[in-house]
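Subject: Structure for your files

Dear colleague,

Here is the structure I said I would pass on. My notes on it follow below the entry.

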Amino acid sequence: MAVSPLNPKASYHARSISLPSRPHPLIPEFDELLCRFRASGATSSSSSISHKLSGLRDLHDCVDNLLLLPFTQQTLTQCRQEQWVNELLDGSLRLLDICGMAMDALLQTREGAHEHQSSMHRRRGSKNGISSEVEIFLTSRKKVKKATQKALRNLKDMEKDCRFSALDKDAETLSLISILREVKTATLTVFEALLSSIAGATAGSQRSSWSLVSKLMQHKRVACEEAEANISEFEKVDGALYTILGNKNKSVNAVHVDNVHNEVSKLESSIQDLEEGIEFLSRRLIKTRVSLLNTLSY
């Protein structure tokens, strides 16, 4: 069996998810998927987040199948009045809310990027008004960032309540609770990375746009490859936009204008991939919640 961070035989926080007798094949499958998910890269790039979203969908598919097992349905039915079940239901709803916020942020950013590209295309060959178009796009980005920061605060509140309050349970029930807790934690981790990326800041720091520009625009780009790989496409666009604003009192540099165009084009492509991943995940979150409600309604 693949190693997992849980082991109900030893303790609630141990390292292997396993039922005491012959485990259902879904248990080792979840173990393997969780290990694969955790082993994948953790950068701020959209491609990395899209890969995480794909792994997350696989985890939720496995949990959805687990929720259909007779033992799972019996356990949920018997424990429907207990706190951990209420926390599970509340968590599924709050995950859907955060998922919706992420989808809205991606949509608004995509629409802003499309409008900016169209406006810049109409001004092709003319440097007049370029700074104004940049300011318009940055204003839309600021609105998205504000909403995204709110979603991140909601997510942080969920992380504080991420542990189900179930202690005096048999090993089988603890295994079930552990799996549900782990998939919730994994989902929160991906949402945090996505929302932080949309907000234009990596999870570990709040680097300024000017700092990014100095890294990306200097001549020794080879030395910056590692740093650039950890900068999200959203952040690169912000940096490129602020470069033009920083030179608004001077003649607009055609190289800077082309850089904005290229970075926004990359961002649009990245957003499309992220939207597809979030849409699939949203469907699975809805399916999980419906399965829970149907089971608990009996």
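**What was found**

The structure holds zero disulfides. Please keep in mind that this is a predicted model.

For the chain as a whole, buried residues account for 49% of the 298 residues. The accessible surface is about 15,000 Å², and carbon and sulfur atoms contribute 51% of that surface.

On secondary structure, the chain has ten helices and zero strands. The pattern along the sequence accordingly reads α-α-α-α-α-α-α-α-α-α. As for contacts between residues at least 6 apart in sequence, 76% of them join residues at least 24 apart.

Helix 3 covers residues 70–78 and helix 10 covers residues 254–296. Their axes lie 9 Å apart, and the two helices pack at an angle of about 65 degrees. The crossing of helix 3 and helix 10 is right-handed. On the helix 3 side the contact involves Gln 73, Leu 76 and Thr 77, which meet Leu 292, Thr 295 and Leu 296 of helix 10. Sorted by class, this contact between helix 3 and helix 10 has three nonpolar residues, three polar residues and no charged ones.

Regards

Technical notes. Residues numbered from 1 in each chain as written. Predicted model: local features only at pLDDT ≥ 70, side-chain atom pairs only at ≥ 80, totals over all residues. Heavy atoms only, no water. Helix = DSSP H or I, 4+ residues; strand = E, 2+ residues; numbered from the N terminus. Buried < 20%, exposed > 50% of the residue type's maximum accessible area, 1.4 Å probe, protein only. Contact = heavy atoms within 4.5 Å. Areas by Shrake-Rupley, 256 points an atom, 1.4 Å probe, with all protein chains shown as cover. Disulfide = S-S within 2.5 Å. Axes fitted to C-alpha atoms, helices over the stretch in contact; angles between N-to-C directions. Left-handed = near helix turned anticlockwise from the far one by under 90°. Nonpolar A, V, L, I, M, F, W, Y, C, P; charged D, E, K, R; others polar.
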